[in-house]
Amino acid sequence: YSLWIIDTARVSNNSAQLLTEGNRTLDNICFSLKDENESDHETKKRNKRPTKTLETKRSGNRKSAVLRTKFRSEEKDDESQDQRRKKHQEELAARKQADGLARFSEKSNEKASQHKAVFRAFESYKRDTALPKEVKDLKIIVDTKSESIILPVFGFAVPFHISTLKNVNKSEEGEYVYLRLNFLTPGQATGKKEDNPFDDPSATFVRAFTYRSTDQLLSEIYKKIIDLKKAAAKRETERKEMADLIAQDKLIEIK
């Protein structure tokens with residue numbers, strides 16, 4: 001057994017006296033006592049072993065106690081619980097994935113049905129009397145109010161809604177100014193969805209008009225058509241953004 005003598009103090013009624021003044025190295029305060037049958041070699045060997053404090057011994061006892069209570073059956077139970085937990089997690093993951101696929105497929109079907117092409121009829125003028133008076137001169141007229149372009153065709157004033165216009169190009173060759181108007185017709189959107197479906201795709205459509213003039217008035221008409229096209233595209237974008245909104249009821253103030 002071992003005996004440690006560390007800081008022995010004598011306490012009286014009036015004072016206290018420290019009796020262990022001096023060197024406090026391990027060799028001076030620790031004494032190992034051997035049994036009668038133990039040899040000097042075993043005593044020296046035992047003295048060379050590192051000493052353990054009380055806390056280290058307690059922690060060692062706690063660890064050994066935990067390890068001693070860990071039976072093989074308990075380890076098997078832990079493994080079986082881990083396997084059951086892992087299997088349950090896999091089942092939950094598969095269920096979540098199936099639910100997500102079903103939900104997103106329903107949404108895609110709803111979106112496909114919502115974005116299904118719908119024919120929209122555009123009416124520039126309800127009757128001939130609503131046409132501007134300038135049509136008698138058989139000139140190109142840009143009617144911003146009706147969002148239409150009135151073109152002279154074989155002596156007639158023919159209105160075209162701006163939504164049927166694909167694009168407009170202007171070019172100059174010598175003293176002439178050329179204005180080409182390209183219109184939307186079925187079959188142009190190759191490999192893409194038709195933005196503007198038609199009520200009767202088998203009907204005859206006008207694809208383009210080209211006008212030539214020596215007057216610079218075509219340049220002003222070109223600018224007006226471009227501005228009208230931009231304004232119509234902006235309104236169409238706003239209409240699509242507002243299509244899925246729900247109108248709010250009139251708010252009632254709480255007094």
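Val-177 stands opposite Ser-213 in β10. The model is a predicted one, in which local features need pLDDT of at least 70 and side-chain atom pairs count only at pLDDT 80 or more, whereas totals for chains, interfaces and linings use all residues. Residues are numbered from 1 along each chain as its sequence is written, and side-chain values use heavy atoms, with hydrogens and water left out.

Strand β9 pairs with β10 in the antiparallel sense over 6 bridges, where pairing requires that DSSP finds at least two bridges between two strands. The open sheet has 3 strands in the order β8-β9-β10, with antiparallel pairing. Because β8 and β10 each have a single partner strand, they stand at the edges, and one side of each is left without a neighbour in the sheet. Neighbouring strands here are turned by 15 degrees against each other on average, direction ignored. Helix α5 packs on this sheet and touches β8, β9 and β10 (contact means heavy atoms within 4.5 Å), while its direction makes about 155 degrees with that of β8. Such angles run from 0 to 180 degrees between N-to-C directions, the axes being lines fitted to C-alpha atoms, for helices over the stretch in contact.

| β8 | residues 165–173 |

The protein chain as a whole has 5 helices and 10 strands, taken as DSSP runs numbered from the N terminus (helices H or I, at least four residues; strands E, at least two). Of its 255 residues, 16% are buried, meaning under 20% relative accessible area with a 1.4 Å probe, protein chains only.

Methods: Buried means under 20% relative accessible area, exposed over 50%, partly exposed in between (1.4 Å probe, protein chains only).
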